[in-house]
Each structure stands twice: as structure tokens, then as C-alpha cells.
Amino acid sequence: MIAASVWVFALPSAAALGQDAPAETPPPVVAAEQITPQRITADDLRPHVEFLADPARGGRPGGRADAAAEYLAAHFQSLGLEPVFEASPAAAPGNAPADGDGGAGGKSFFQTIAGPDGGPFGRNVAALLPGSDPAAKAEVVMIGAHYDHLGVRGGVLYPGADDNASGTAMLMEAAERLADDAKQGDGPRRSVLFVAFDLEERMLFGSRWFAAHPPAVLTGGQDDATMRQLKAVFVADMIGRSLGDLDLPTVFVMGSEHAPHLKSVLDRVGTPEGLEAARLGIDLIGTRSDYGPFRDRDIPFLFFSTGEHKDYHRPTDTPENLNVEKAARVASLILAITVTTANDAEAPVWEANPSPDLDEARAVNRITGLLLERAASPENPTGRRFGTMQKVTLAQTKSVTEGVLERGVMTEKERSWLVRLSQVLLLSVF
């Protein structure tokens, strides 16, 4: 996940927002009533995370992550998935699996990303599971995650276990489950495209390149970059920890405000036991990962993340610090959402101007409450991070969000303030 930009604002009072703070605390964020069966386990994810975050991978630096890219391509090929990119002129059909080129029609699992000098700068890796319904297979649902990380800087290795070996492991296991379903005659109606992006840590260069040079399966064979066949995008980045190391069994799901259909999918599939999903608007965090180029093209999307933590972009982001069980629950949720979306009668449609959502107030209220508890605890070793103004901001936020929840409605003015506050919290607290 790339770093946030800086925002500064003046905190308004509850009175300025036209409300009084209530005495009651609203109920916490809760999972949907239905329970999604957990089809991906910690034991499934762990080998992928350990391979990708192993010191031998050198921190998977963007543009030099050859071993990781070939690992992904070999996995996709072993599942019988189809390559989607045009093979390089030097590649011949029938190359070894690790080469990633060849196969039907001279296709490749690799998309070369050109650098400023025109030479190769990195590689995206992608594979397709064709849909089972002849009438719907031209439409595509995409799962994406970036596989690069920071590499070695100043002689120090940055393993990137959570960022983003966790999301990449999800991608690989979701592909395996769906490929197995297809072999049993229970494949999804729509086609599913699995994409591992390179160069996310370099201003989303890999996903930006992909969106500007999409494979033909997304353009419907048209000679342009309009991804008319792409109906939904699901991106995972950092899914194995907890926001600010708080005691939260939560994954944040962002983007559903722009696609009411995906909001209904979230409600229908529920969450695996031990996990809760908190919906947030994507503008609360801005452009932080590879959903950006697709959001900018009005393609319905969901972004999944458990949030930043003390090991974010540090050498201590190692496999032993990853909550692999939580990552597996999130992976199972993403898989269930993908299957449901790929099988639904109607495809998601973009909504440009969504209304404020009370789920956002619930999530922010819960987070600020936990942060205030941490700040007040003499046993908390990180309590020193909260200055007086931070505590005042957190308390005011909790009070205002409680008022919103008690009234059961959030105004545009309140939501605008909530967006600015959330961006500041990302910088000053987490």
C-alpha cells in the first residue's frame, strides 16, 4: 500500500454541525446475519506468504521481482488457467511453465511494463478462468493484488509479509478454489481474471499501465483501452493485521458506495466466523492502492484492507508478525463475494453520487472509542503517541458520530467533515 498524502483542517464543534452529543453509545459494527463458509485456511496462505516474504526474494522490489512473478505464473499455469497477454516476439509457444509465455494463441501470463526510457520496468502477471455460461462469459470480474514491495533500502530488507504477500496469497488461493470449482462443473457464469500487479509501491505504476493497456478479454476485442467487459474489480492490500494494532476483528471494505449492487452482495454473503466487515467510503482514505485506476474509470470496485499498523513499511513486516488466520477469513470473504458477483443475474453498475452511509459513522465511532481507551490506559506502551489535541479530536469525533447514529441520518456537511478527519487520523495516529 502506498503512503498517504497530508491533509490539515480545523475541527468543527458538534454545535457547528447542527447537533448535540447524545449520552448513549451506539451498537458496534456487526457482521451480516449469514455466515460465509471459510474455504481458504491459514495453512493454505502460509506457504505463499513465507515464499514471497523470504529474504531470498529481496523484498520483491518493483521491477526486479522476477522470482515472485515466475512463482505466480507457474501457479496459474498449474491450475489450467489461461494467459491473457500477447506473448513477446521472442517467446515461442510451449515454453516451460516458469517462463510464463506460450500456450494457446501465443499468449503470455506476463505483461511487460515499459519504463521512462522505453525499456522493461516491471511485469504484471495475470490469468483467466473462462466463464461457464456462454451468454455471460464475455463479462469479467477481476481480483487483484500487488506483489511488489520496497526491496532493500540502506542495506535493510523490507519483507512485506502483510504488504502485500498477504493479498497475493489470497489471489493465488482464490484462483485455485475457483479453478477447482470449474473442474467439478461448478465454475462461475462470468469469467474471472486474476491479476498480480507490479510497481504498486511506485505510485501504482503497474495497475496504471494495466488500465491503460488492458488485455483484449477486457476490451471485447476492440482496439482501444476501454474496459467495457470489466464489470467489477476486487483489490486486496494488507489483509493480515489490524488497524493501529487495535483489538479489531475487522476488515474495511471500501467502494460499495459507488455500486449498490456490491453493497447487496456484501449483505448477502455475510462474513466468516471471527471476522466483521466495516464499510467505508473510498474518499475517506483517498488513492492508496491499485483500485485507483479502475475507480477513475467508473468501474465498480471493492477494496479490502485490515489497515495500517506499527510494522507498515518497516523491516518488521515479517511472516511471524502476520495474523494468517485473519488473512484467511478475509480471503474467504473475497472469494465468496467474487463467486456471488460472477454468478448474479445482473452485473454491478457505477453510481457517481452516493448518499452518506451510516456504516461509515459506525466504523469511525468504534475506532475512535478504542483509540481513546488506548490513550487512557497507563499500561499502553504507545499511549505517548496521543497528544492533547489528538485526544480532543478523537473525543469530538466520537461524540459527533454518536449523534449521527442516534439520529439515524448523516448530512453532507457531516460526511465532508468525516472524510477530512479520517485522512488526518491516518497521518497523525496510525
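This is a short walk through the fold of one protein chain, from the overall picture to a few single residues. Keep in mind that the structure above is a predicted model.

Let us begin with the whole chain. The protein chain contains 11 helices and 12 strands. It has 430 residues, and 58% of them count as buried. Look next at contacts between residues with a separation of 6 or more: in the protein chain, 81% of these link residues 24 or more positions apart.

Now find the sheet. Strands of a sheet pair through backbone hydrogen bonds, and they can do this in a parallel or an antiparallel way. Here, 8 strands form an open sheet with mixed pairing, and their order is 3-4-8-5-9-12-10-11. Which strands stand at the edges? They are strand 3 (110-114) and strand 11 (276-280); each has a single partner strand, so one side of each is left without a neighbour in the sheet. As you step from one strand to the next, the twist averages 25 degrees.

Let us stay with strand 3 for a moment. Is this strand mostly covered or mostly uncovered? Mostly covered, since 4 of its 5 residues are buried.

Met-254 has Phe-303 in strand 12 as its bridge partner. Remember Phe-303, as the name will come back below.

Next, turn to the helices. Helix 2 lies across strand 3, strand 4 (120-129) and strand 8 (191-197), and it runs at about 15 degrees to strand 4. Helix 2 also meets another helix. The axes of helix 2 (residues 66-78) and helix 3 (residues 161-183) come within 10 Å and cross at roughly 15 degrees. Angles under 35 degrees count as roughly parallel, which is why helix 2 is described as roughly parallel to helix 3. Their crossing is right-handed. Helix 2 brings Tyr-71, Leu-72, His-75 and Phe-76 to the contact, while helix 3 brings Thr-168, Leu-171, Met-172, Ala-175 and Glu-176. Sorted by class, the residues in this contact are 6 nonpolar, 2 polar and 1 charged.

Finally, zoom in on two single residues. Where is Ser-289? Ser-289 sits in the loop between strand 11 and helix 7 (292-295). Buried means under 20% relative accessible area, so Ser-289, at 1%, counts as buried. Leaving aside neighbours within four places in sequence, Ser-289 is in contact with Glu-200, Leu-204, Val-235, Asp-237 and Phe-303. Here is Phe-303 again, the bridge partner of Met-254. Ser-289 and Ile-2 are 287 residues apart in sequence, but their C-alpha atoms are 6.3 Å apart in space.

The second residue is Val-392, which lies in helix 10 (residues 388-407). With a relative accessible area of 38%, Val-392 is partly exposed. Its C-alpha atom is separated by 9.6 Å from that of Leu-372, which is 20 residues away along the chain.

Note on methods. Residues are numbered from 1 along each chain as its sequence is written. This is a predicted model: local features need pLDDT of at least 70, side-chain atom pairs count only at pLDDT 80 or more; totals for chains, interfaces and linings use all residues. Side-chain values use heavy atoms; hydrogens and water are left out. Axes are lines fitted to C-alpha atoms, for helices over the stretch in contact, and angles run from 0 to 180 degrees between N-to-C directions. Helices (H or I, at least four residues) and strands (E, at least two) are DSSP runs, numbered from the N terminus. Angles under 35 degrees count as roughly parallel, over 145 as roughly antiparallel, 65 to 115 as roughly perpendicular and the rest as oblique. A crossing is left-handed if the near helix is turned anticlockwise from the far one by less than a right angle, and right-handed if clockwise. Contact means heavy atoms within 4.5 Å. Ala, Val, Leu, Ile, Met, Phe, Trp, Tyr, Cys and Pro count as nonpolar, Asp, Glu, Lys and Arg as charged, and the others, Gly among them, as polar. Two strands pair if DSSP finds at least two bridges between them. Buried means under 20% relative accessible area, exposed over 50%, partly exposed in between (1.4 Å probe, protein chains only).
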